[in-house]
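User: Hey, can you walk me through this one? I'd like to start with the ligand and then hop around a bit.

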Amino acid sequence: MSHSVVLRHWPAPIRVETGETVLEAALAQGAPFPHGCRSGNCGACKSRLYRGAIEMTPYSDYALTAGERAQGLILACRAMPQSDAELGWLEADDLVSHPLRDLTCRVAALGDLTHDIKLVRLRIAEGGPFTFSAGQYAALGFDALAPRDYSMANVPDRDGGGEIEFHIRHVAGGVSSAYVAKGLKRGDTVRVKGPYGSSYLREQHAGPILAVAGGSGLAPIKSIVETALSLGMRQPIRLYFGVRDERDLYLEAHFQALAAQHANLKFIPVLSAAAAGTKRRAGFVHQTVAEDIAGALAELDGAKAYLAGPPVMVEAATAMLEQRGLRREDIHADAFYTEAERAQQAAGGAR
Ligand SMILES: Cc1cc2nc3c(=O)[nH]c(=O)nc-3n(C[C@H](O)[C@H](O)[C@H](O)COP(=O)(O)OP(=O)(O)OC[C@H]3O[C@@H](n4cnc5c(N)ncnc54)[C@H](O)[C@@H]3O)c2cc1C
Ligand code: FES
């Protein structure tokens, strides 16, 4: 059984099968529905329900408050229609749409970026072309393992035929990232489904860019910053890269060289657990950003922030930026929740 759902920003109604969410159906049918985590944790798919009955599976309070729910807002990634319905997504700026692809790829290159982050470069064997916007992610299936989300790190190839780069950190006790760290070889097949995510570079935006990465969160931020520069975007771009210690820094020389070539780019590594006497900026990266904002508040006027990495960093940076007056719609964040964290959050904040 299925229901017809009218999306206010999309010309034709979509059909949503029983057991399917509005977001799944919309993406499968080509609608550029804004989204992030696809699991009720980030709030990017927040929408207004105008007509019809919707049942929601568990989600976190951070993504949708009780007050918002009472005002008729829903999360499309949790919404199962119980009748025909009509809804509209809230965010409408600069929406992009790329076909959702199921790719078969081969590992073209594999290397160590740090002691626990691998560079994985894939070549598309079947299912392309694969186009995406800088900052988006894809679900990668290694061997017979369940898929995991990883962000593209390269400048998107406009024809969708080139290689795709990922930075994959080995998570203690993790299944896929351990396989990448220890079992993956050049030439292996990898399943790739995507692109997903709405935390992509707004190419029409002319205000300052504040890009904040933690650990392997540098992957989407690298794609965003390099794409902005390659498009000739001239606004100030500040790239903060937060890691624990020296051994966790990577691509430092690369970004320093980019900053030397582009006067509008500043690259600021920040160490949270540095050895005493370090000459680098030290502390939690969101605090370093806050210190710099306090010194030059005008830089937030008309700014957009792009954040990616550990959830604790992304949440702290989001809260700090909101306190300093940046609007939520100007903060584009991808928190790297693991599947277990997503399930726990949704269950904890379930309603
Ligand atoms: C939008 C998005 C983009 C991302 N991009 C990147 C990226 O570019 N680079 C990157 O490195 N990562 C990225 N991630 C994180 C990535 O998707 C994986 O979550 C991560 O690699 C861990 O996967 P895994 O299979 O190795 O670990 P999993 O097997 O999923 O385990 C993760 C952790 O949960 C614990 N765990 C497992 N099961 C349970 C349970 N039942 N109860 C409690 N704890 C449990 C494990 O011990 C481990 O510590 C991204 C995540 C998201 C949501
Ligand atoms: S995509 Fe729906 S809450 Fe994140």
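This is a predicted model: local features need pLDDT of at least 70, side-chain atom pairs count only at pLDDT 80 or more; totals for chains, interfaces and linings use all residues.

User: Which element gives the largest share of the shell around ligand 1?

Analyst: That's β11, with four residues. β11 (148-151), β12, α3 (176-182) and α8 (339-348) each supply at least two.

User: And which residues come nearest to ligand 1?

Analyst: Gly 173, Gly 174, Ser 176, Ser 177 and Ala 340, out of 26 around it. A residue is near if its C-beta atom, placed from the backbone, lies within 6 Å of the molecule.

User: Where does ligand 1 sit relative to the domains?

Analyst: Domain 2 (101-196) and domain 3 (209-339) both give residues to its shell, so ligand 1 lies between them. The bounds come from an automatic or database domain assignment.

User: How many residues of those two domains are in contact?

Analyst: 18 of domain 2 with 19 of domain 3, counting a contact when two C-beta atoms, placed from the backbone, lie within 7 Å. On the domain 2 side, strand β12 (residues 164-169) gives the largest share, four residues. The C-alpha centres of the two domains are 23 Å apart.

User: Switching to α7. Which of its residues are buried?

Analyst: Pro 311, Met 313, Val 314, Ala 317, Thr 318 and Leu 321. Buried means 20 or more other C-beta atoms within 10 Å of the residue's own, exposed means 12 or fewer, and partly exposed is in between, with C-beta atoms placed from the backbone. Down the axis of α7, the buried ones fall within an arc of 160 degrees, so they line one face; the arc is that of the directions from the helix axis to the C-beta atoms.

User: What's on the face turned away?

Analyst: The exposed residues Val 312, Ala 319 and Gln 323. Just after α7, Gly 325 has a positive phi of about 100 degrees.

User: Last one: is Arg 78 buried or exposed?

Analyst: Buried, because Arg 78 has 25 C-beta neighbours inside 10 Å. Arg 78 is in the loop between β5 (73-75) and β6 (79-81). Leaving out residues up to four places away in sequence, Arg 78 touches Thr 21, Gly 40, Met 56, Thr 57 and Tyr 59.

Notes:
Residues are numbered from 1 along each chain as its sequence is written. Chains are lettered from A and ligands numbered from 1 in the order in which they are written.
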